[in-house]
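Subject: A structure for you to explore

Hi there,

Here is the structure I promised to pass on to you. Have a look around first, and then read on for what I found in it.

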Amino acid sequence: MANSLFEEKLYSNEFLVTTEIGPPKGVDTSEMVHHIDLLKDKVDAINVTDNQSSVMRFPSLGGCLLVKERGGEPIFQVTCRDRNRLAIQADLLLAYSRGIRNVLCLTGDSIDVGDHKEAKPVFDLDSVQLLRMIKTMESGKDMGSNELKGAPQFCLGASVHPEADFIEPQLIKFEKKVAAGAQFFQTQGIFDLGSLRRFMQYASQFNVKILAGIIVLASARMAQYMNNNVPGIIVSQATIDELSTAEKGKGLQKGIEIAVRLIKTIREENLCHGVHIMAVGNEKIVPDILEVAQPVGMHP
Amino acid sequence: MIVAEQKPLEEIRRMIAPYERVLILGCGTCMTVCDAGGEREVSFLHNALRLAQTRSGNGSHTFSEYTVKRQCDLEFLDLIVDRVGDVDAILSLGCGIGVQAIAERFPDIPALPGVNTSFMGASKEWGVWDERCAACGDCRLAETAGICPITRCTKGILNGPCAGTKNGKCEANKDMDCAWILIYKRLERLGQLEKMRRYYPPRNFRAIPRPKRIVSKASIGVGENDG
């Protein structure tokens, strides 16, 4: 039996669509709730980011609870940057008890890129160790080999970077994540479908589902900023050039156009098992993207 | 070796303010090599403090200076008993270990740190030192081609690079090499990439419980014979 609605879809051979929302910095969750309501019926699951880019925010777990409350399917993003193995295990127990069943296991961005640069970086675990720890919990033991009173069962995901400029070590890590129990992968942002094709040629030998990360860019400047400042993002020069052809004030429109084109091609050529749309602050445009990306046969 | 940086002069002046007679004590080992607290730096600091006192017109310190071979060995501190008899404080230019050895050896004299002890490292080029060892107590360099991911990866992760590496550099600092790219390249060169494919479990942070203590096997042997 599947552990979650999302896990069920994962093995249904449907083309999968996930997206993500970033929680607010503060206790006013109205905009986040609005985005959840806007997206919950249009995608298969909603990731909630975990202090994304090392910027302190409302927690991922809290955001996932809100997604549940509003009737959506959350993916709990867990990074190893801010919590040690005790805290992460405890959060996972709470998450499970409240019906959160999908976990995306990440190492986490460096403290240095965020807004609390003097904080202690934890990294008690890395992403591979986190996956293994959850498998141990599923077997009924905590990381100290103590018996759990009731074991959780999750659907586990991880990330991979098909456009990394030095791919071999990334692929070694990808294989470690597969061996550790990752069932699905949401990739870092894809801009060049050639690299996705090459990656899928290699990755198709593994029994895991790959969702291509689609970042919706709002301008050439934003793309350049992300290239320089956001870990794991390499926007291709071709994409930057295309964005800079946009008329003033029409950058986001161009970004949407690019995203739609990528999604359509991925779907039509059956390049991978789905897409993960990251609108970085422009969550409200995701339904439009899905609308225009029809007829992709996602959710008629 | 241990690498440190001298504290800013103003911080040192604030620290010594309550004490009239101050001994500036250098260390002849690591602190001399890293230019933070050897005989030369002791003399420079002595002059700088005197000059600052004259210029500002406040403070009535009298300074003395000396450099021992190693501050972290009590036997070398025994040699300065005569020099500390009439001082109100010892401003140590030794590392944190030296300052604490002074505090232990001279319980009635305040021991003040004149340097910020930074890391264990090696000289990269003239005047540049890089951290190399985190003293984790569980050395894995055999598995990582002699390049320490705990020290040289900003996240200290054990199973390969994160996705933030770009142009072989670290996401935290574009001037810093990604340790995992270095490890990959060297393992490849040595024909040992299978070491990177292995799974490494989470670290044991109590490989040696803190504060760490090592009892030399040799002394245990002697003890047992005596018993």
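Of the 105 residues in the largest nonpolar core, which touch the most other members? They are A:Phe76, A:Ile214 and A:Val216. Before I go on, please keep in mind that this is a predicted model.

**The cores**

Let's begin with A:Phe76, which you can find in strand 3 (residues 74-79) of chain A. Is A:Phe76 buried or exposed? A residue counts as buried if 20 or more other C-beta atoms lie within 10 Å of its own; A:Phe76 has 26, so it is buried. Leaving aside residues up to four places away in sequence, A:Phe76 touches A:Val48, A:Ser60, A:Leu61, A:Cys64, A:Ala95, A:Ile100, A:Asn102, A:Val103 and A:Leu104.

Apart from it lies another core, of 35 residues, which includes B:Ile16, B:Cys30, B:Cys34 and B:Ile102.

**A glycine to compare**

Now look at A:Gly140, in the loop between helix 5 and strand 5 (155-160) of chain A. A:Gly140 has 13 other C-beta atoms within 10 Å, so it is partly exposed. Not counting residues up to four places away in sequence, A:Gly140 touches A:Glu147, A:Leu148 and A:Ala151.

**Where the chains meet**

How many residues does each chain bring to the contact? Chain A brings 28 residues and chain B brings 25 residues. On the side of chain A that touches chain B, helix 5 (127-138) and helix 6 (167-180) each supply at least two residues, and helix 6 gives the most, with six residues. The residues on this side of chain A divide into 11 nonpolar, eight polar and nine charged.

**Chain B as a whole**

Chain B has 10 helices and nine strands. Its radius of gyration is 22 Å, well over the 17 Å that the globule rule gives for 227 residues, so chain B is more spread out than a compact globule. Along the principal axes, the C-alpha atoms of chain B fill a box of roughly 65 × 55 × 25 Å. Chain B is divided into domain 1 (2-119) and domain 2 (138-197), and the C-alpha centres of these two domains lie 38 Å apart. Buried residues make up 36% of the 227 residues in chain B. Of the contacts in chain B with a separation of 6 or more, 56% are between residues 24 or more positions apart.

**How confident is the predictor?**

For chain A, the mean pLDDT is 94, and 98% of the residues reach 70 or more. Over residues 296-300 of chain A, though, pLDDT stays under 50. Where pLDDT is low, the predicted coordinates should not be read in detail.

Enjoy exploring, and write back with any questions!

Best wishes

Conventions: Residues numbered from 1 in each chain as written. Chains lettered and ligands numbered in written order. Predicted model: local features only at pLDDT ≥ 70, side-chain atom pairs only at ≥ 80, totals over all residues. Contact = placed C-beta atoms within 7 Å. Helix = DSSP H or I, 4+ residues; strand = E, 2+ residues; numbered from the N terminus. Nonpolar A, V, L, I, M, F, W, Y, C, P; charged D, E, K, R; others polar. Rg over C-alpha atoms; globule rule 2.2 N^0.38 Å. Buried ≥ 20, exposed ≤ 12 C-beta atoms within 10 Å, placed from the backbone. pLDDT = per-residue confidence, 0-100. Domains from an automatic or database assignment. Core = buried A, V, L, I, M, F, W, Y, C linked by C-beta atoms within 7 Å.
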